[in-house]
There are 2 protein chains.
Amino acid sequence: MSDGKTIPTLDDVARAAGVSTATVSRCLNTPDRVVEKTRTKVLAVVEALGYTPNFGARAMAAKRTYTIGAIIPTMENAIFARGLQAFQEALHARGYTLLVSSTGYQAEVEAEQIRALVARGADGLLLIGRARDPSIYAFLRNRSVATLIAWTFEAGSQQPAVGFDNHAAMKALASAVIDQGHRRIGLISGTLDGNDRATARHAGIRDALTEHGLDPDDLPVIETSYEVENGGAAFETLMQRTPRPTAIMCGNDVLAVGAMKRARDMGLRVPEDVSITGFDDIELARIVTPELTTMRVPHQEMGRRAAEELVNLLEGTSPGAVIELDCALKLRGSLGPPPS
Amino acid sequence: MSDGKTIPTLDDVARAAGVSTATVSRCLNTPDRVVEKTRTKVLAVVEALGYTPNFGARAMAAKRTYTIGAIIPTMENAIFARGLQAFQEALHARGYTLLVSSTGYQAEVEAEQIRALVARGADGLLLIGRARDPSIYAFLRNRSVATLIAWTFEAGSQQPAVGFDNHAAMKALASAVIDQGHRRIGLISGTLDGNDRATARHAGIRDALTEHGLDPDDLPVIETSYEVENGGAAFETLMQRTPRPTAIMCGNDVLAVGAMKRARDMGLRVPEDVSITGFDDIELARIVTPELTTMRVPHQEMGRRAAEELVNLLEGTSPGAVIELDCALKLRGSLGPPPS
DNA sequence: TTGTAAGCGTTATCAC
DNA sequence: GTGATAACGCTTACAA
C-alpha cells in the first residue's frame, strides 16, 4: 500500500524496478513470458507501490475488460437475487467481475443500462427474458458483446440461452390443479405486456384447460405487478366472482403469498375453501402456513450454468447453446381438492 | 443506429460533421459552449452513426466516470435490495450510474470488490457498516474516492454516513420486551465478528437488561449466519435451556421468521408459549402469522438520502455529514406477556 | 466559437 | 527475454 499521495502507474513501477513498461505489463498479464528473476523483482515493486492497473487504459489498449454485466428486472425479488449470487460466484471463479443493474421492469431503462454497460466495456451481458426491441440485439451484435438470455427457454430460438420452459412448467402445474378436481380456476398474473415469462405461463394454463376439455376462455385473469399487496387485492377481486373459483393460480410465489394472506384475512381456509398455487419455489413458499404448492425453478443452477455458457461464448469456446433446465412440481399444503 | 460493422469514434463523427473532435466533445459535454447550429448538426450525425462514447477513453481523459459503486453483503436479503433500489433511482436522477457487487459477508471479497470498482473509475462508493481494515480507508483516501457508509450510525464518527443507531434501536425493542414482563430472554444474533451492526444490536439488548436491573450475562446468545433455517436451529437450541426463555429476540426478521416456523413445528404457540421479535421490518414481517414485532428501519429513505449525500460529497457540495435516521418500534402479534 | 495538439495509462508489434 | 514505440478514443488547455 502506497503512502504517497499519487497513484502509481505502470511507468512508476517500471522506473522503480529498472525495466521497461512492457516488461511490467508482461509480468502482470503473461507471467510465463518473463524470466523468474525479473518477475519477482517487478512484482515486489508492484506490491511496494500498491500499484493497481488503470482499468480504462487497459480496456482501451486490450479491448477486453473481464467484466460481465447483468441486467435484471428487480433486485427485490429473491429469485433474481439468488440466481445472481450463483452467477457471480461462478464468474469469479473464471476470473470475471460482475456488475449488476436493475430496470424496475421498464424497457427504456433496460435499454439505457445495456448501453451503459456496453460503454463500460462489458465483455458479455446476461439479460432476462427474450422480449425486447430488435434494435437492441442489432446493437449488441454490432458491438460484438456476447449476450446470453436467462430465465426463459424457447425451442428453436437463435439467441444463446439458459432457461426453462415457462409454458410447459405452468401447464404441468395447472394439470395438477385440474387433477385435484378443480374446474373453476382463476389466475393472478404478472404484467403480460413485454414479459415473455408471464405470457408463456398464462398460455400454459390455457393449454392445460383445453387438454382437459375445459374452456380456456373461462379462465379469469388479473394482471398486476409483482408485489405482495397486489396479490392480495387481485385475490379478493377474483373471489367475488360468481360462481367463485375454487383454485387461484399465481404467476409467482410473491403474488401467491399475498393471496394467502388475504384469504386468511377474509376468513377463508386454504386449502379447504380455496386452493392457491405459486411459481418459483422461493424460500417464502415454505415459510407460510400451509406451505405453498409451486413449481421449483432451479435458480442457482441457472445462474451457474449461465456463467459458464456466457464465458464459453465470449471466449469462443462454445458457439452458444440453448440450454433447458428442468423445473420440479412441488405439491404442498396449499393445494387440495375443491370444496364439495 | 449504425448499419456498419465498425464502432464509430469521436473522429468519425467529427469527420462526418465537418468539425473537429474537440467540437464534438463539447457538443456532448458542454453543449452551451457551442453555437446552436453546429450543435444541431453534430448531434444529428451522432444519432445517425449511433455513436456511443468509449467509456475507458473518457475516464482516462476526464478522470471522472459518473459511476457509483455499491458493495453490499448480500443481494439475498430484502433490506439491501430495497435500499439499493431507492439508491439507484436517486442516483439515476442525478445522472449517475450504479454498479453493484456483493461480498457474501466476506471481508477479503469486499476488499477485492472495492479495488475492482475503484479501478473501474467509480467516483464514489457506498459501503455497508463501518468495520473494515484501516488500510482500505487509506487506499480510498489516497485514490480520493468519495466514500459513504450506510446502514449504521455512530455519533462522533469521522466517516460520512447515513444510518441509524443500531444500539439504541435494539435497546428500545428489548425494553419493550422487558416491559411485557419477560425476564428470561434469548438472542439469536447474526455473526458478531466484523459486523458492527450485529455487535451494536447485541450491546443494545445487554444495556436494556442492565437498565432494568437484570444481569446481561444471563442473556444466552447464539451466533449464526442470516438464513431462515439457522434461525430455526438456533431457536430450538435456545428453547432447550432450563429454565426456558420466554422471549427470543432475533438479529433480523429473517432469523425471526425461521424461529417462528420452528416454534410452530415444535408445537409452541407464539406468543402464548414464547414471544419472538425481529429487526428490519421487511415485508416478511407482516406475512407471517402472527405478525412479527420488530424494529422498522427506513431502508428506502436511507437509500435515497445516501445517494444525495454521496453525490454532494463527491461533487464537493457537502463536506460529508453524518446523518441519523429514525427507526420505529412495531409492536405486533408475536410479542405478548410471558406464560404465567 | 472553433481548431490544434498534448496527454491519459495500457497493451501489442516489432526489433534487438 | 526485453525494450522502444505506436496505437487506443477521448478531454482540455491553449491558440486562432
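How many bridges join strand β6 of chain A to β7(A)? There are 4 bridges between strand β6 (residues 185–190) and β7(A), and these strands run parallel. The structure is a predicted model, in which local features need pLDDT of at least 70, side-chain atom pairs count only at pLDDT 80 or more, and totals for chains, interfaces and linings use all residues. Residues are numbered from 1 along each chain as its sequence is written, while chains are lettered from A and ligands numbered from 1 in the order in which they are written.

**The sheet of chain A**

- Chain A holds an open sheet of 4 strands in the order β7-β6-β8-β9, with parallel pairing; two strands pair if DSSP finds at least two bridges between them.
- The edge strands, each pairing on one side only, are β7 (221–224) and β9 (275–277) of chain A.
- From one strand to the next, the twist averages 15°.
- A:Ser189 has A:Glu223 in β7(A) as its bridge partner.
- Helix α9 (residues 196–211) of chain A packs on the sheet and touches β6, β7 and β8 (247–250) of chain A; its direction makes about 170° with that of β6(A).
- Axes are lines fitted to C-alpha atoms, for helices over the stretch in contact, and angles run from 0 to 180 degrees between N-to-C directions.
- Helices (H or I, at least four residues) and strands (E, at least two) are DSSP runs, numbered from the N terminus.

**Contact between the two chains**

- In chain B, 44 residues are in contact with 44 residues of chain A, contact meaning that the C-beta atoms, placed from the backbone, lie within 7 Å.
- Elements giving two or more residues to this side of chain B include α4 (55–62), α5 (78–93) and α11 (253–265) of chain B.
- The side of chain B that touches chain A comprises 22 nonpolar, 13 polar and 9 charged residues.
- Ala, Val, Leu, Ile, Met, Phe, Trp, Tyr, Cys and Pro count as nonpolar, Asp, Glu, Lys and Arg as charged, and the others, Gly among them, as polar.
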